[in-house]
Amino acid sequence: MDPRMMIENVNSIFSFPDVALRINELINLEETTNAELEQLIIHDPALTAKILKLANSSYFGCSGKIETISRAITLIGHKELRNLVMAISVISIFEGISSDLVDMEAFWYHSITCGVMARSIATHLKSKEQERFFISGLLHDIGKLVLFSQFPKESAQTLRFKDQGDDAVIEAERKIFGFTHAELGAELLKQWQLPMSIWKLVQFQLDPLNEEAPKRDACILHVAAHIANCVEPCARRTGDLDKMKPTYKIEAWNQLDLSPEFIPTMMSNTGLQVFDILSVIKPEALVIL
């Protein structure tokens, strides 16, 4: 079975709430107005409250108080709105996965951290459409959750190689499933009708210098994911940022032409943003901070 066939088989299981799908459809139409989006959102009180909290968070750095969805949409823009709606919605889709396979609080903490850091790197490098990097980071490991949910025994076999490093786990995925969680995740994002500029990053995050990859963008996600891997332990204990050794491919780092001092600076600057987003869309994960 290839990734596309697997996603087609589980499409009904991993589908977005109607309001999220409709917002995504509207945002894909260039003529959509703020008023149309507002009317959809305000009929979902829980979604409305979360968007307003996020609009007022440090993630957007707004100095004034945002009290209406209309103002929130104007502040954050349509594409960033889609990112927030998807972030809020996606967490509710994956429930009931065995804790023997994954700690869901740690998973979402890592994913949100990766999203914030990917966006931070993209902003620093003045990349185009910087808001897409947050959702790419947030969903970069979503393929793992599909595998954990549908193939728990096989997934447990891949995790036996965890102590040998990420490359060993990825190789086990290829041997057992015939593809990686990154390829599977990209297929799910296609099914959710996310643009190529998002799912391509997820697809090539493990091999960002592939000739078919959007190299610079995929390198941003690759580096962000590996830096985020270093952050989680520091959420549980005091760590020395300067001594962290992310395991990203050095060729990917070189593609971005970042200075070594960038990592600790970025990690310090993104901490509050991660906290604010977690407090809204996954407050349970705050227990690991």
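This is a predicted model: local features need pLDDT of at least 70, side-chain atom pairs count only at pLDDT 80 or more; totals for chains, interfaces and linings use all residues.
Residues are numbered from 1 along each chain as its sequence is written, and side-chain values use heavy atoms, with hydrogens and water left out.

You'll find N56 in the loop between α4 and α5 (69-76). Helices here are DSSP runs of H or I with at least four residues, numbered from the N terminus. The N56 side chain reaches two backbone oxygens: that of L52 at 2.8 Å and that of I66 at 2.8 Å. Setting aside neighbours within four places in sequence, N56 is in contact (heavy atoms within 4.5 Å) with G64, K65 and I66.

## S127, between α7 and α8

S127 sits in another loop, the one between α7 and α8 (132-138). S127 is buried, at a relative accessible area of 7%. Its side chain makes a polar contact with the side chain of R216 at 3.2 Å; that term means a pair of N or O atoms within 3.5 Å, one able to donate a hydrogen and the other to accept it, with residues adjacent in sequence counting only if both atoms are side-chain atoms. Not counting residues up to four places away in sequence, S127 touches A122, F133, R216 and I220.

## One face of α2

Helix α2 (residues 18-27) has V19, A20, I23, N24, L26 and I27 as its buried residues. Seen down the helix axis, they fall within an arc of 165°, so they line one face of α2; the arc is taken from the directions from the axis to the C-beta atoms. What do they pack against? The partners of the buried α2 residues are α3 (34-41), α4 (45-55) and α6 (78-93).

## The largest pocket

The largest pocket holds about 910 Å³ of space. A pocket is an open set of points on a 1 Å grid where a 1.4 Å probe fits, with protein on both sides within 12 Å along at least five of seven lines, and lining residues have an atom within 4 Å of a point.

Its lining takes in 34 residues, with D141, K144, K162, D166 and N229 nearest the centre. Elements giving two or more residues are α7 (104-124), α9 (142-150), α10 (152-159), α11 (166-177) and α14 (215-236).

Terms used
Buried means under 20% relative accessible area, exposed over 50%, partly exposed in between (1.4 Å probe, protein chains only). Grid points are joined across faces, edges and corners, and a volume is the space filled by probe spheres set on the points.
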